[in-house]
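User: I'm new to this one. Can you walk me through it?

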Amino acid sequence: PVGISSFDKTGKVLEVNKELLKILGSDSGEATRSINILKFPPLVEVGFAYDFEQCMRSEKTIINERNYTSKWGKQVYLRYILAPIHNDIHEVTGVQGIFEDVTGRMNIEKELKKTKEKYEVLFKDAPNSILLIDSKGIILDCNKAECEMIGYEYDEICGKHATSFFKEEYIPMFKKMFPTLTKSGNAELELELVHKNGNSFPVWRTANAIFDSRNKFSGAIIHT
């Protein structure tokens, strides 16, 4: 359900439907119509009044999202569309507004962002080396421990194939193991890596596959 309202060119609220009253937590249509959107401080501060004026001046539809606390104390993240209203001689006489409460979606996005940031920190600072590869074996990301272990900078590692730092004789083993990873979801391999200084050293690497929403192999996390 969406809220609908119309305004004259001075910012006076002309019409408002019940859904918009619900979104704003308004006491009544009369109370909402008493607000002038160009003069009401909270609407001016969040930029809604500016968007209204832009819609009037440009005669173009404005789409935006803003965090707003209504006159009745309800905090809501609004997504709105403002469209100019024209009379018979194509003069702009006001604005039509459609409003949607997207607070729930925004809260989910904030939590996902926090979770992502948390795991990025854990990934970067993990004591064991970690690589993220795509479905072709290209390295997309790695952590500090991986850089320190093989002696290369982050930018020297990302974009290379996972076998780029293998001792040459172990490359065929990885290529043989890769199809198993894409099907079973995990694989292990004992091999030797080559440090930037030219010295080789043994490691035991474990790979866990990543599958997309269609259960298609999209890459893997490899850790030592």
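Analyst: Here is a short tour, taken one topic at a time. Keep in mind that this is a predicted model.

User: Let's start with helix H4. Which residues in H4 are buried?
Analyst: Phe48, Ala49, Asp51, Phe52, Cys55 and Met56 are buried there.

User: How wide is the arc they fall within, seen down the axis of H4?
Analyst: The buried residues of H4 fall within an arc of 160 degrees, so they line one face of the helix.

User: And what covers those buried residues?
Analyst: The cover includes strand E1 (3-8), helix H3 (41-46) and strand E3 (62-69). Strands E4 and E5 (92-101) are also part of it.

User: What comes just after H4?
Analyst: Glu59 does, with a positive phi of about 60 degrees.

User: Switching to rings. How many aromatic pairs are there?
Analyst: A search of the whole structure gives 10 aromatic pairs. In one of them, the ring centres of Phe48 and Tyr80 are 4.9 Å apart. Their planes are at 75 degrees, so this pair is edge-to-face.

User: Where do Phe48 and Tyr80 sit in the chain?
Analyst: Phe48 is in helix H4 (residues 48-58), and Tyr80 is in strand E4 (residues 75-86).

User: Which residues do ring pairs link into a cluster?
Analyst: The cluster is made up of Phe7, Phe48, Phe52, Tyr80 and Phe99.

User: Now cysteines. How many disulfides does the structure hold?
Analyst: It holds 0 disulfides. Take Cys142, which is in no disulfide. Its nearest cysteine sulfur belongs to Cys147 and is 3.8 Å away.

User: Why does Cys142 count as buried?
Analyst: Because its relative accessibility is 0%, and buried means under 20%. Cys55 is also at 0% and counts as buried.

User: On to charges. How many salt bridges are there?
Analyst: The structure has 10 salt bridges. One joins the side chains of Lys144 and Asp125, at 3.3 Å from N to O. Lys144 is in helix H6 (residues 144-150) and Asp125 is in helix H5 (residues 103-125), 19 residues apart.

User: What does Glu146 form a salt bridge with?
Analyst: Its partner is Arg205, and the closest N and O atoms are 2.5 Å apart. Glu146 lies in helix H6 and Arg205 in strand E9 (residues 200-211), so this pair ties together parts that are 59 residues apart in sequence. Glu146 and Arg205 are both buried.

User: What about Lys196 and Glu156? Where do their side chains meet?
Analyst: They meet in a salt bridge of 3.0 Å, N to O. Lys196 is in the loop between strand E8 (186-194) and E9, while Glu156 is in helix H7. That puts them 40 residues apart, and the pair links distant parts of the chain. Lys196 counts as partly exposed at 44% relative accessibility. Glu156 counts as partly exposed at 28%.

User: Which residues do shared partners join into one network?
Analyst: Glu65, Arg79, Arg105 and Glu109 are joined that way by salt bridges.

User: Last topic, the loop between H7 and H8. Where is Phe165?
Analyst: Phe165 is in that loop. At 6% relative accessibility, Phe165 counts as buried.

User: What is Phe165 in contact with, leaving aside neighbours within four places in sequence?
Analyst: Its contacts include Ile139, Ile150, Tyr152, Glu156 and Ile157. Lys160, Glu192, Leu193 and Val194 are among them too.

User: How far apart are Phe165 and Lys196?
Analyst: They are 31 residues apart in sequence and 8.7 Å apart in space, C-alpha to C-alpha.

User: And where is Thr163 found?
Analyst: Thr163 is found in the loop between helix H7 (154-157) and helix H8 (171-184). Thr163 counts as buried, at 10% relative accessibility.

User: What does its side chain make a polar contact with?
Analyst: The side chain of Thr163 makes one with the side chain of His161, at 2.9 Å. Not counting residues up to four places away in sequence, Thr163 touches Ile171 and Phe174.

Definitions and conventions. Residues numbered from 1 in each chain as written. Predicted model: local features only at pLDDT ≥ 70, side-chain atom pairs only at ≥ 80, totals over all residues. Heavy atoms only, no water. Helix = DSSP H or I, 4+ residues; strand = E, 2+ residues; numbered from the N terminus. Buried < 20%, exposed > 50% of the residue type's maximum accessible area, 1.4 Å probe, protein only. Polar contact = N/O pair within 3.5 Å; in protein donor to acceptor, adjacent residues only side chain to side chain. Contact = heavy atoms within 4.5 Å. Disulfide = S-S within 2.5 Å. Phe/Tyr/Trp six-rings, centres within 6.5 Å; stacked < 30°, edge-to-face > 60°. Salt bridge = Lys/Arg side-chain N within 4 Å of Asp/Glu carboxyl O. Arc of directions from axis to C-beta.
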